[in-house]
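Before this structure is used further, I would like to set out a few remarks on it. They begin with confidence and then turn to selected helices and residues.

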Amino acid sequence: MSIAATAPHAALAGNPIRNDWSQAEVEALFNLPFMDLLYRAQTLHRQFFDPNEVQISTLLSIKTGGCPEDCNYCPQSAQFDTGLKASKLMQVEKVLAEARAAKEQGASRFCMGAAWRSPKDQDLDTVCAMVEGVKAMGMETCVTLGMLRPDQALKLKDAGLDYYNHNLDTSEEHYGNIITTRTYQDRLDTLDAVRSAGINVCCGGIMGLGEGREDRASLIRTLATLPQHPDSVPINLLVKVEGTPLDQADQVDPIEFVRTIAVARITMPASVVRLSAGREDMSDEMQALCFAAGANSIFYGERLLTTLNPAQQRDMKLFQKLGLRSMQVEVEADACE
């Protein structure tokens, strides 16, 4: 019997949390009939989560533009003319005001992003003050600041940081076609520093970078064979921005995107899978299929860093249609003491 016939069944036998996925096994999942794939993803999803709960996060750009990296999809790169002006790091109180507003609108996690290759130590002190302030509101905290040294990760942990986001973006094989200013290993080293500091890892990728199905399978295999699965796995759909090298990239087929969500759920069943950037261009039906495939987190608000996100009213209407509700989280009160 072929791997294509046996591997998906193995995912449902015994302990479904594995760190030894092969490329062939992950590709076999992608190649399943669509309804079989959805069924298996939904079955596993229900073992670990309430299928009608979705975790709501808000993302704020605390320092926009001027990044020296050459990520071909990113409007914040200083190497591309996208009309975006670089800004300075926001003041702590302004960030905390945004966090309060996000909490009032139903967000349980507040994520802060800065367009840096890696943070300077003095800027990291300011970010730590933001983390402490948001944590004191009873929200989960997440930051994405670029590459980190181990000592910087420990400093963020001491401030009470819950999650650090650092995406792999695409497969190791395709990575050099998208980014040349840092290596794949650089990204893996930052993940190791974050995990070693005791911070939850948020790590996923972007669909629509000119990759093939084998690249999507390779990305998920890399994530699912880390020493510990990422606690949160954001799956992004490329938002094409004029002036970036990928502004004319081919659209990802919606069913292929849903397949990617489902395979992420099967291979990392205990992780929160976030339907992330690109929702502005997704129909309600496409998003509903993503939730059925195991996505159980979204970014909520009108902007994601520099790109548009669905209006909150549209999200709430969709939740009502599908009978979804916001996931409640418990934050350790003494984490930043």
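1. pLDDT is the predictor's confidence in each residue, on a scale from 0 to 100, and this is a predicted model, in which the protein chain averages a pLDDT of 86 and 88% of the residues score at least 70. Over residues 303-307 the pLDDT stays under 50, although the model has 20 contacts for this stretch beyond four places in sequence. Residues 331-337 also have a pLDDT below 50, with 13 contacts in the model beyond near neighbours in sequence. Where pLDDT is low, the predicted coordinates should not be read in detail.

2. Helix α4 (residues 92-104) has 13 residues, and the distance from its first C-alpha to its last is 19 Å, close to the 18 Å expected at 1.5 Å a residue. Its buried residues are Val95, Leu96, Ala99 and Ala102; these cover an arc of only 115 degrees around the axis, which puts them on the same side of α4. The exposed residues Glu93, Lys94 and Glu104 are carried on the face turned away from that buried side. The cover over the buried residues of α4 includes β1 (53-63), β2 (109-114) and α5 (121-136), and just after the helix Gly106 takes a positive phi of about 105 degrees.

3. Helix α5, with 16 residues, should span 22 Å at 1.5 Å a residue, and its end C-alpha atoms are 23 Å apart, which agrees. Buried in α5 are Leu124, Val127, Cys128, Met130, Val131, Gly133, Val134 and Lys135, a list in which the reader may wish to note the lysine, Lys135. What covers the buried residues of α5 includes α4 in turn, along with β1, β2, β3 (140-144) and α6 (150-158). Just after α5, Gly138 takes a positive phi of about 85 degrees.

4. How far is helix α9 enclosed by the rest of the structure? Nine of its 12 residues are buried, so α9 is largely enclosed; the buried residues are Asp215, Arg216, Ala217, Ser218, Leu219, Ile220, Thr222, Leu223 and Ala224. They pack against α2 (23-30), α7 (172-175), α8 (184-196), β6 (205-207), β7 (232-237) and α10 (254-267).

5. Not counting residues up to four places away in sequence, Glu214 touches Gln23 and Glu27. Glu27 and Glu214 are 187 residues apart in sequence, yet their C-alpha atoms are 6.8 Å apart in space.

6. Is Asn165 buried or exposed? Asn165, which lies in strand β4 (residues 163-165), has a relative accessible area of 13% and is therefore buried, the cut-off being under 20%. The side chains of Asn165 and Asn167 are joined by a polar contact of 3.1 Å. Leaving aside neighbours within four places in sequence, Asn165 is in contact with Cys142, Val143, Thr144, Cys202, Cys203 and Pro234.

Note on methods: Residues numbered from 1 in each chain as written. Predicted model: local features only at pLDDT ≥ 70, side-chain atom pairs only at ≥ 80, totals over all residues. Heavy atoms only, no water. Contact = heavy atoms within 4.5 Å. Buried < 20%, exposed > 50% of the residue type's maximum accessible area, 1.4 Å probe, protein only. Helix = DSSP H or I, 4+ residues; strand = E, 2+ residues; numbered from the N terminus. Expected span 1.5 Å × (residues − 1). Arc of directions from axis to C-beta. Polar contact = N/O pair within 3.5 Å; in protein donor to acceptor, adjacent residues only side chain to side chain.
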